[in-house]
Amino acid sequence: MKKQRLTQLINCVVSAGLLMSAGLCVTSCSSDDDNPASTSDTSDSKETPNATYNYLLETCVANPDGMSGSTYIQKLATMPTSINNKNGTQLSFCSYLQAEVIKGQKYLFAFPAYFAESDSYLRRYTYDEQTQMVSTPKKLELTPQNFSAALTVVSDTKMYVPECGPGKITVVNPQTMEKTGSIDLTSYAYKDNSPEPSCGIVRDGYYYQSLNQVGATMMPYEDYRQCDVAIINTNTDKVEKVISEKTTHMTYASRPILPSMVFSTESKDIYFACCGYFGMNSDHPETGFICIPAGKQDFDSSKAWDIHDVAIEGSEYKAASLWNCEYVGDGIVVAFVAVRELMDSEAYTARYLMAVRIDLNKKKIYRIQGIPYSSATVSFIDQIDNLTYMGIYSTSDSGFYSYNPTTNDAEKVISTVGYPFYMHVF
Amino acid sequence: MKQFCLAFFLLLLEIPLGAWGQGLFLRGRVLDSVSGQGLSNVNITMVKPNHFTITDAKGRFNFQSLTSGDYTLVFSYIGYASVEKKVHLNMQSGAVVINMLPKTESIGEVIISGKSEARKLKEQAAPISVINMSDLAGTVTTVVDVLQKTVGITMRNAGGVGSSSRISLRGLEGKRIGFFIDESPMSDQSDFVDLNDIPVDMIERVEIYKGIVPARFGGNAMGGAVNIVTKEYPDKYGDFSYEIGSYNTHKVQAVFKRNIKSTGLLISGGGGYTYSDNDYTMKSPYVDSLKMKRDNDQFKKFIFALDLKATKWWFDEITLEPTFADTYHGIQGYKRDFRKAHNTSKVYFVSSTMKKKGFFLDGLDLDMTSWVSSTYSCLVDTAHIRYDWHGGMEASPSKGGGELYSYPSNSNDKKTAFLNRMNLCYLINNHHSIEYNSVFSLANGYPKDDLRESTLEKKTMFNSRMRSLTVGMTYNYTAVHSKFLSATTLRHYNYWMKTKYTNLYKFVDLPEDVDLNKSAWGFSEAMRYQFSPHFTVKTSVGYEVRIPSENELLGDGISISPSGKLSPEKNRSFNIGFLYNLQDNPSHLQIELSTYYMYLTDMIRYVPSVLGGQYDNFGKMRTLGAEFEVKADVLPCLYSYANLTYQDLRDKRDYEQDSQIKNPTKDLRMPNIPYLMYNAGLEFHKRNLFGGRNQNTRLFMDLSYVHEYYYDFEMTNLDKRRIPTSTTVNLGMEHRIHDKYYLSFQIKNLTDERVISEFNRPLAGTEVGFKIRYIFN
């Protein structure tokens, strides 16, 4: 028994924590009184109009070696004004989470740690609202060093899990968590053996999978400054064609860890947000949006928008890289952009992410006032009803900020201990 | 419970076997006539019949297999007047006690004595643990085995034979801990030498300095140092051993020495070959219920050295030692099943030592060591197929192959290094002495990996030139009767580095020149007061610094960016220790308690980011610790020891780096560092245990306990990820016949405890080993 203690311990902690979090995410406010993750001594709460929601918060704290640490997830019935990690459940350092509702069932998917030592399991946690119980997590072993951090639900029985490392998409039945197929993309790789599939989106029976085509430095190839997208028939799981956007020289269409960098507008135009060289290569500053218009299966260069030379209203700087974004409707994108002038020699501790509002229709960018510059380690953005929430790790505080795209009001809503990594409201 | 049963079993064994003793033996102790302390390593020659031995750490010696009669013993030791003693041996003979007088010469009113005396006095003031290998012979197979038994030390192993080992001393590890062989620093530039590369049979003793490091070591150590002192063999000596162990492990070692007295030349040589498959089965840290057999951890090492020593030239001693080592080591996979990646290295090393008493000036002693080395190391990672542990395969990410990273490697790196360590000691009189110490090292690196460069599409590794100089002055004071000793040291460190750097993420920029110069001062004071022959108090304070390492300053050319602004780490320490030593009692009881405080600032920590990371000065750590050790000869045939270490390391940063965000982990225990551990052991030794004559048998048992410790900073009240408690038991036996044949047998980790090292690396379970050794002299 003793010999198995560590594995059991880790498994139990991870399982129990996620189960608790997943389960508690969907419990009512009153039932949360018994929830150790939401006891009042570990957080300050305030009643908000969103009080009927359940908040899942994820924070990360690094160890002294910088390469390991802990992720803490906590569930709270009401939006807190501050949280610590005393009742947080530990996960692997910087584990990415994704919540999905499939066939009316609420699931929480946890990916293997992206930047740190971890196993290779994709875990799925299920909440049964009838019994108020949660099932044992189902696990699916992905390829080692898969660099998976996002998935796309295709149907009730199918989801695509891009594996950036080996260059394939694993097809999974989300209900059984069984692997049902695999889409090999290695033949589309440029110069190497993996085209680095990043994030994707489904439209009209086709899945549009971005291929990052990066080299061993994890940067786009110097002689291949274009964006490739594989178009896959979701019925056959076959690649029908690969399209390329070559005119703008924008690269890196969506980051593998940030699925919101691929989005569809109300008119079904698909946009890929391209971060380029992360602002670290001044010789190739192109960054912005490329578009596959509704009804077409190819890029429309006229709808692409390179934002690197666009003035940002309210700021003296311009965008060196489109770091992360969230489409909030009506042609408005809330985003983080990297500012090259703030990337000093201590690039890894500098706060160089600026929160901006991007108007795709007017082709204008505005700095969101009231949200400080943030470390690049944190770049969370998500929309909950009419508010956009952003994770900020500035020089003076850490936490989640809210932004109202309609009123342009921004304020800090939750102080966190550690990086504000993820937030979800069920 | 199992371990206590075993201990009890051994105790039971001792009772009937104690009556089996046969033959006569001549034993005794050699003491310093001034201080009353036992003298270690004193040469003792028995004239007829011709036997030779040396004293152990406590000054004890023992001749075995003798018959009644008269014997003449000659005791000699550097810095002391030789003593000749005639002894009549019979059944009633007791132990012989020899008092040796420090050698002094009167020149006018100035009293001058040997340098070794000054050095010895200084060592006594510093916090130090000394492990005499003669006490452990046969009970350990590697230096790591030795250190693991030592209070205040934990060892971080990565795997099987040949795997890298890191010393964690009072919670500090890595480059903060110095590693020396015969006082020459090995950890700065000579990373081709690992602790386990040194055959234990060639080691005289292991010195472990805690808290402060004597200036003569130079180097760049901050939290402590391990100095391995190699043996001085008798004039005519040969030693051959072969060891076979689990997982197809074989070790062959041979040493010879010959003194050509007419010329004053001593010629000695030695070599060894180690091979291991290291193919133990381990539970996967990453895949549930998967047991996997290590299949790419094969280790081969050949090492050969010559030693030419002249004692009749102008120097009292001048040596020249050429050494060659050739190593092959596979790279074991954990997440993936690596099958081909491996490292190789070839090292050519020549060292020279010069010692001279009265070096141009009466009372001035010189001790200088220089070495030059040339290292060729290769990382070969060109496999085009990657395997998982289920047998699945896929193409490597790069067209050039590679199992380890996203790019292949086929390096041919060359490094040339030179080191000079000089110690000048001037003993003003019996109470005052001063020492000058300098260590200069030079290392030029010439990395070359065309395959990697072609894949990365740019050159990321450049030639480098490193120079460092550490200069120290030490003043030693010895009060009357040596009751009070003091050593005050001031050191200055200098480090220069020239190389180039290129931003990995840009394509057209030219490499930038890097020209770094770092310097810092350090200070330490160590004192000892002997209240009685049995009770001693030691205390020391230190302000030590560590210059950032190459890797920290320059990065790795891929994911770790340079950080030329790094400042040296600084450590303030205070130690106080109490030693109770009943040396004259037949039980030889020794009790030692040490407590210490350390405050480390500008701690260098890695800062990760989306793309790689870099090192930064933003750590502060406070350590409070206590170490307690008891050693005793419980019975004439039973030796036992036990030690307990408690070290409380806490994060003391007020804010997160480069911000006013309060540090959420302030005052929390530092993760990944054990804080409570103990060791205990028993050794039963008996002559002619199995009958016959002139035989000696030792049975031993060691127990090692490491309490569960934290995987991360612990912030949550819920279940926590912790590295589990481990308790390991080792058993062994050594049987010696006529002081020539040695047979030893060991079982490590008797209970097959699952032990996990750092980074979730499972270590081997139960291992067995058998060794035969023959000594001819």
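# Briefing on a predicted two-chain model

F263(A) and Y327(A) are both buried. The two residues belong to a predicted model, in which chain A has 426 residues and chain B has 777. Between the chains, 76 residues of chain A are in contact with 74 residues of chain B.

**Aromatic pairs**

- Over all chains, the structure holds 40 aromatic pairs.
- In one of these, the ring centres of F263(A) and Y327(A) are 5.0 Å apart and the ring planes stand at 5°, so the pair is classed as stacked.
- F263(A) is part of strand β19 (residues 262–264) of chain A and Y327(A) is part of strand β24 (residues 321–329) of chain A, so the pair ties together parts that are 64 residues apart in sequence.
- Which residues form one aromatic cluster with F263(A) and Y327(A)? Y271(A), F289(A) and W305(A) complete that cluster.

**Make-up of chain A**

- Chain A contains 1 helix and 33 strands.
- Buried residues account for 66% of the 426 residues of chain A.
- Of the contacts in chain A with a sequence separation of 6 or more, 52% are between residues 24 or more positions apart.

**Make-up of chain B**

- Chain B contains 6 helices and 49 strands.
- Of the 777 residues in chain B, 60% are buried.
- For contacts in chain B between residues at least 6 apart in sequence, the share joining residues at least 24 apart is 63%.

**Interface between chain A and chain B**

- The size of an interface is often expressed as the accessible area lost when the parts come together.
- For chain A and chain B, the buried area is about 6,600 Å², and carbon and sulfur atoms give 53% of that area.
- How many salt bridges does the rule find across the interface of chain A and chain B? There are 2.
- One salt bridge joins the side chains of K191(A) and E457(B), with an N to O distance of 2.3 Å.
- Polar contacts between chain A and chain B number 25 residue pairs, counted where both residues are at pLDDT 80 or more.
- On the side of chain A that touches chain B, the elements giving two or more residues are α1 (5–25), β2 (55–62), β3 (69–76), β5 (89–92) and β10 (138–141) of chain A.
- The most is given by α1(A), with 6 residues.
- Sorted by class, the side of chain A that touches chain B comprises 28 nonpolar, 31 polar and 17 charged residues.

- Most residues other than glycine have a negative phi.
- K103(A), which is not a glycine, has a positive phi of about 55°.
- K103(A) sits in the loop between β6 (97–102) and β7 (105–110) of chain A.
- The relative accessibility of K103(A) is 61%, so K103(A) counts as exposed, the threshold being over 50%.
- F360(B) likewise has a positive phi, of about 60°, and is not a glycine.
- F360(B) is placed in the loop between β25 (342–356) and β26 (364–381) of chain B.
- With a relative accessibility of 69%, F360(B) also counts as exposed.

**Buried loop residues of chain A**

- S120(A) lies in the loop between β7 and β8 (121–128) of chain A.
- Is S120(A) buried or exposed? S120(A) is buried because its relative accessible area is 7%, and the limit for buried is under 20%.
- Residues up to four places away in sequence aside, S120(A) touches P112(A), L140(A), E141(A), L142(A), T143(A), P144(A), Q145(A) and N146(A) in chain A, together with Y286(B) in chain B.
- G276(A) is found in the loop between β20 (270–274) and β21 (288–292) of chain A.
- G276(A) has a relative accessibility of 0% and therefore counts as buried.
- Apart from neighbours within four places in sequence, G276(A) is in contact with P220(A), T251(A), Y252(A), E286(A) and T287(A).
- The C-alpha atoms of G276(A) and W323(A) are 9.1 Å apart, while the two residues are separated by 47 residues along the chain.

Conventions: Residues are numbered from 1 along each chain as its sequence is written. Chains are lettered from A and ligands numbered from 1 in the order in which they are written. This is a predicted model: local features need pLDDT of at least 70, side-chain atom pairs count only at pLDDT 80 or more; totals for chains, interfaces and linings use all residues. Side-chain values use heavy atoms; hydrogens and water are left out. Contact means heavy atoms within 4.5 Å. Buried area is the accessible area (1.4 Å probe) that two parts lose on being put together, summed over both. A salt bridge is a side-chain nitrogen of Lys or Arg within 4 Å of a carboxyl oxygen of Asp or Glu. A polar contact is a pair of N or O atoms within 3.5 Å; within protein, one must be able to donate a hydrogen and the other to accept it, and residues adjacent in sequence count only if both atoms are side-chain atoms. Helices (H or I, at least four residues) and strands (E, at least two) are DSSP runs, numbered from the N terminus. Ala, Val, Leu, Ile, Met, Phe, Trp, Tyr, Cys and Pro count as nonpolar, Asp, Glu, Lys and Arg as charged, and the others, Gly among them, as polar. Rings of Phe, Tyr and Trp (its six-membered ring) pair if their centres lie within 6.5 Å; planes under 30 degrees apart count as stacked, over 60 as edge-to-face and the rest as tilted. Buried means under 20% relative accessible area, exposed over 50%, partly exposed in between (1.4 Å probe, protein chains only).
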